[in-house]
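Opened a new model today and jotted down what I looked up. Notes follow in the order I went.

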Amino acid sequence: MSQRAPFSPFIPALPASPLPDDLVFNSSAPISAKNELDLRAMLQVVDRNISDLDMLVNQLGKALRAATLSRTQHLEFSQRYREAVSPVRQVPDDILTHVFKIFVVSQNGALGEGSFINVGPSMILSHVNRRWRNVALHTPSIWAVISICVGDSFKGSLFILLQTWITRSGASPLSIDLSISAVHHTPQHRTLLDMLIQQSHRWKEVLLELPHGLYQSSSFPITRPTAQLVSVHLNVPASSQSSVFHTDGLFSATPSLRHVNIRNFSFSSNTFQWSTIKYLRIEQSWHMAQTTLLEALQLSVSLETFILVAPLFHHSPTTDISVTVHNLRTLQIHGNWAILDSLTTPLLEILHLQRGSSGSSHSIISFLGRTPVLGTVHVGSGVNISFLNDVVEPSPIRQLLIEVHRRGQEQPLLRLFTSRFLDELSQGKKGFPMLEELAFTVSDGDTRPEHLEFLADLRDIVMRLVWEIRRGNAGGSRFGRLKKIKVCVEGVEGSVGFEMFAALKELGIEGLEIVLERD
C-alpha cells in the first residue's frame, strides 16, 4: 500500500514592508507619494491573504467536523465487526457460565444500599449482548446470590428486583445476605424479610443482620425444612435478653449445617442439628445460661472451632455437667473463663484468651491440664497474664503469643512475669519445656515518654530471656527447645520505639531466631 502524502494546505507568508519600521511607527512626518502607493499595494495583498485564510479556516472546520463524524462511524463499525473475531466469542457457553459464576461470587454489591437500588452483577452480565443475556438467564445459580443492605427506608422497586432474582434462580440453593440497619423498622422491612423466609427451604448460606423487635413478640417464622443449609449467621444488636429472637427448633433439620455464627439469638439444644456443626461462634450481649451452652456443646460431636463472646453466665445452682468435645481443635474465649471448668478437649491445638476475660486463674490452669496436645496459646491484651506463673505441670505448649498494652496493669504484670516466670522456667521448676516460640505484640503505641518506658521494660524482658538461654545452653536449663523470639511493635509513630529492640539482633545465639516486626 502506497504511503499517503501528508496534508499541507497553502499558507501565505507575510509580505515584506516597503519602508523601514522606524519611518512607519516612530515618526509623524509625512511620507512620499511613492511610499504611500507602495504601502497601499502591500495592504491589498495582506487583505487578500486574510480573505483566503478565512475561507481556509472555514473549509478546515467543515473538514474537521466531517472527519470527526466519519471517525466515530468507523470506530463503531470496527467495534461491531471486531466482536466477531474476539477470542471471547469463541468461548463455549459452559465455560462462559463458569466465568459468570466466579464473577458473581467475587462481587459484593448489594441490591439495595440505603435508599438506592443497585442492579447487581447478574443483571450487568445479562445486559452486555444477546448471547450473554441468554447464558445469564439460563444460569440460575448466578441469580441465587442475593445481597441486600437497606436502612430506614428504601424504594418499592426493590421488591420487584428481589422477586426477579428469586424467579430467575429457579431451584438453585440460595446464598442470602440481608442487612437491615433501620433504627425504626417498618412493614416494608417485614415484607422484605418474609419474601426471603418463604424461600428458606432453598437456603444454603444465610446471613441476617436485623434490628431488634422485628419479630420480638413471636418465634422466628421459618417453618419449612432447610436440609441443604451449610452456613448460618444471625445477628441482632440487642441490648437485653427481652429483645432477642427465639430460635427453638429453628434449624433442627439441617443435616448439612457446618458453620454457625449467632449474636443475640437465644438457642437451646434443639435449635440446630448440633452434631454436624464444625465451626461455632456465639456472641451474646446479656447473661446466658451455662447449662444451655454445655448441652449444645455436648451434642456438637463434629465441632472443630468454638468462639465464645459473652459476659458472665446466669447465677444458677452449681452444675456437675462435664462436657468432652472430642474433635475441638481451636477455642477462643472473649469475656468468660468459667466455661473452661466444665470442658475437656483432648485434641485442642489452639487456645485464644481475649480482652475482657474474667474468671480465676484456677480455671485456666485446670483446663490446661486437660489439653494434652495443646500447641499454641494466644493471650490477648487486657488479660491478666500472671496465671502463667501458676502452671505446675509441664505443658506441651510450643508457641506462646502475648499481646500487651501500656494501659491498665500490664506493666506491673510484665514485671511479675519477669521475676517469677523466667526465674522458675530457667530453673526447670515449672512452665513450658516444649516451648519453641515466644512472641510479644505491643499495639496502640505512641512516642510519649511513659510508653517508651513501657517498651524499654519489654525489651529488657526479652533481653533477659535471651541471656538466660545463653546461660542455659551451657548449664542445661529448660530453654533448650526455644527456637524463636518475636517482637511486633504496632502503631508506634516514627522509629524510636522500634529501634529500642534493635540491640536484640546483636544477641545472636546459634539455633535461636530473633524476629522484629513493625506494623
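This is a predicted model: local features need pLDDT of at least 70, side-chain atom pairs count only at pLDDT 80 or more; totals for chains, interfaces and linings use all residues.

**Whole chain first**

I counted twelve helices and 20 strands in the chain.

Next I checked burial: buried residues account for 42% of the 519 residues. The accessible surface came out at about 27,400 Å², and carbon and sulfur atoms hold 55% of that. I also looked at contacts between residues at least 6 apart in sequence, and 68% of them join residues at least 24 apart.

**A helix pair**

Then I went to α3 (residues 93–106) and α5 (residues 130–137), which pack at an angle of about 70° with their axes 10 Å apart. Angles of 65 to 115 degrees count as roughly perpendicular, so I logged α3 and α5 as roughly perpendicular to each other. Which residues make the contact? From α3 I listed Asp93, Leu96, Thr97 and Phe100, and from α5 Arg131, Trp132, Val135 and Ala136. Sorting the α3–α5 contact by class, I got five nonpolar residues, one polar and two charged.

**One residue up close**

I picked Ala439, which sits in strand β18 (residues 437–442). Buried or exposed? Ala439 has a relative accessible area of 7%, so I put it down as buried; the cut-off for that is under 20%.

What does Ala439 touch, leaving aside neighbours within four places in sequence? I found Leu400, Leu401, Ile402 and Lys486 in contact with Ala439. I also checked Ile485, which is 46 residues from Ala439 along the chain, and the C-alpha atoms of the two are separated by 5.7 Å.

Terms used:
Residues are numbered from 1 along each chain as its sequence is written. Side-chain values use heavy atoms; hydrogens and water are left out. Axes are lines fitted to C-alpha atoms, for helices over the stretch in contact, and angles run from 0 to 180 degrees between N-to-C directions. Helices (H or I, at least four residues) and strands (E, at least two) are DSSP runs, numbered from the N terminus. Angles under 35 degrees count as roughly parallel, over 145 as roughly antiparallel, 65 to 115 as roughly perpendicular and the rest as oblique. Contact means heavy atoms within 4.5 Å. Ala, Val, Leu, Ile, Met, Phe, Trp, Tyr, Cys and Pro count as nonpolar, Asp, Glu, Lys and Arg as charged, and the others, Gly among them, as polar. Buried means under 20% relative accessible area, exposed over 50%, partly exposed in between (1.4 Å probe, protein chains only). Accessible areas come from the Shrake-Rupley method with a 1.4 Å probe; for residues, only the protein chains shown count as cover.
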